[in-house]
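Hello! Here is the structure I promised to pass on to you. Have a look at it, and then read on for what turned up.

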Amino acid sequence: MYHLVTSKCSSFPGITSCMSLPPSSSSTIKPYYFTTPIHRITLPTMASKATLLLALSLLFATCIARQQNQCQIQNIEALEPIEVVQAEAGVTEIWDANDQQFQCAGVHFIRHRIQPGGLLLPSYVNTPILAFIERGRGIQGVILSGCPETYEYSSQEQQFSGQSERRGERLQVDQDRHQKVENVNEGDVVAIPTGTAHWLHNDGNTELVVVVFFDTQNNENQLDEYQRRFFLAGNPQAQSHQQQQTQPRQQRQGQRQNAGNIFNGFTVELLAQSFNVDQETAQKLQGQNDQRGHIVNVGQDLQIIRPPQQQQGRRAPGRGWSNGVEETICSMKFKVNIDNPSHADFVNPQAGRIANLNSFKFPILEHLQLSAERGELRPNVIQSPHWTINAHNLLYVTEGALRVQIVNNQGNSVFDNELREGQVVVIPQNFAVIKRANEQGSRWVSFKTNDNAMIANLAGRVSAISSMPVDVVANAYQLSREDAQQLKFSQRETVLFAPSFSRGQGIRASA
């Protein structure tokens, strides 16, 4: 009998997590778990082409069945980080990539907390990234392969950003040039393509908090269904790991491993020749003696060429967009502030607002096949029950708390609980959901696995129920025609329902 090998692992420098996958109920093939790489599978010499095709067919069918079974979720829980990676100038909090919610949606989630003066070292990952600046400000660099270094000094004497810029001093320096950088602020959504190197510096006076969403099942990820981070600098294995909970809900194996930056695996001799530098400099590229971790303290006076905060993002007067240069990947925008009121799609002054960031507003999202949503509900306000037509949805609460109910295709509640600040829940595609803010109100950000994610509302002026003929509603729900008309037309708001009590029916939107 042939055995299919099914194993899933996630990787962050210094730790590897593996999960054993259950066999598909639709297949009799039993999984075999291994901890060492398999380099070659030798079939019996007498195996025919038909047998080989049959084995491949079974493999394909099992993979499809496994992917489908991952979303047979009967219970969803609010998630918090299970791992904290401590570095010199901050921490990274990691959610459990093996959780059934993340497995279903094919996503992963982490949170960086960078202290003032901290630099998140350059790295790239095997998935597209959407990051949200929850608090603080900083400088973001995204290194695009093949794009020119358009930020450069016109002379040897230049003014730097940071403390020197604030003092108005001019310094004598060696010539430098680099790709453009972005000032990032609270409310910004930053998009980073797959395999694109990036770094982040906290140049403010308060902690910089960034939540990061990875789409591990994106077509551009050719490795496996987990995000893997490749550092270009530092020595990530030097950092410490703290387990947030003693035993994750799903069976996991954790093992420490050597995890340096990518130069660590090359020989010093070849590095020295490649960069045309001496061997001492080549050894420093490897970072073997660097004990600072993945977030290092560089202070506030990091010398970077960048436009002032108030000028970034403005178009020059009279400059058009018709010469084609602005349409290239090298000049494409990588950040948009989703808190900007101009991005709001639904606004009710008494209830709150919701802003959707899709590829029409933020063109790079078409390449990433991702989108985002920013929501704000005033106390006790309800967002219309709805489902997302074409995407999974990761919901992260940034302020306050939400009462969230999620229902599966069998009409069973899989989640009915309060989602507090800093917690995450995944709403699978087509699962119905309703949200209500608590007494203090709530704000959240959602990440969706489609660049033009669409929702279908169940209640409200534009909804599935209001769009049906009265007689269809009456017969579907065994109502009188009068009651069916009331069900269709009594809720006059569209998406956000401000609380009021009417005829003993409980909370409903005001007319």
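Is Phe 275 buried, partly exposed or exposed? Phe 275 counts as partly exposed because its relative accessibility is 43% (buried means under 20% relative accessible area, exposed over 50%, partly exposed in between, with a 1.4 Å probe and protein chains only). Phe 263 counts as buried, at 15%.

A word on the source: this is a predicted model, where local features need pLDDT of at least 70 and side-chain atom pairs count only at pLDDT 80 or more, while totals for chains, interfaces and linings use all residues. Residues are numbered from 1 along each chain as its sequence is written, and side-chain values use heavy atoms, leaving out hydrogens and water.

Now to the aromatic pairs. Rings of Phe, Tyr and Trp (its six-membered ring) pair if their centres lie within 6.5 Å; planes under 30 degrees apart count as stacked, over 60 as edge-to-face and the rest as tilted. The count comes to 6 aromatic pairs. In one of them, the ring centres of Phe 109 and Tyr 396 are 5.4 Å apart with planes at 50°, so this pair is tilted. Both Phe 109 and Tyr 396 are buried. Phe 263 and Phe 275 form an edge-to-face pair, with 5.8 Å from centre to centre and 75° between the planes.

There is also a cluster to look for: Trp 95, Phe 109, Phe 213, Tyr 396 and Phe 447 form one aromatic cluster.

Enjoy exploring!
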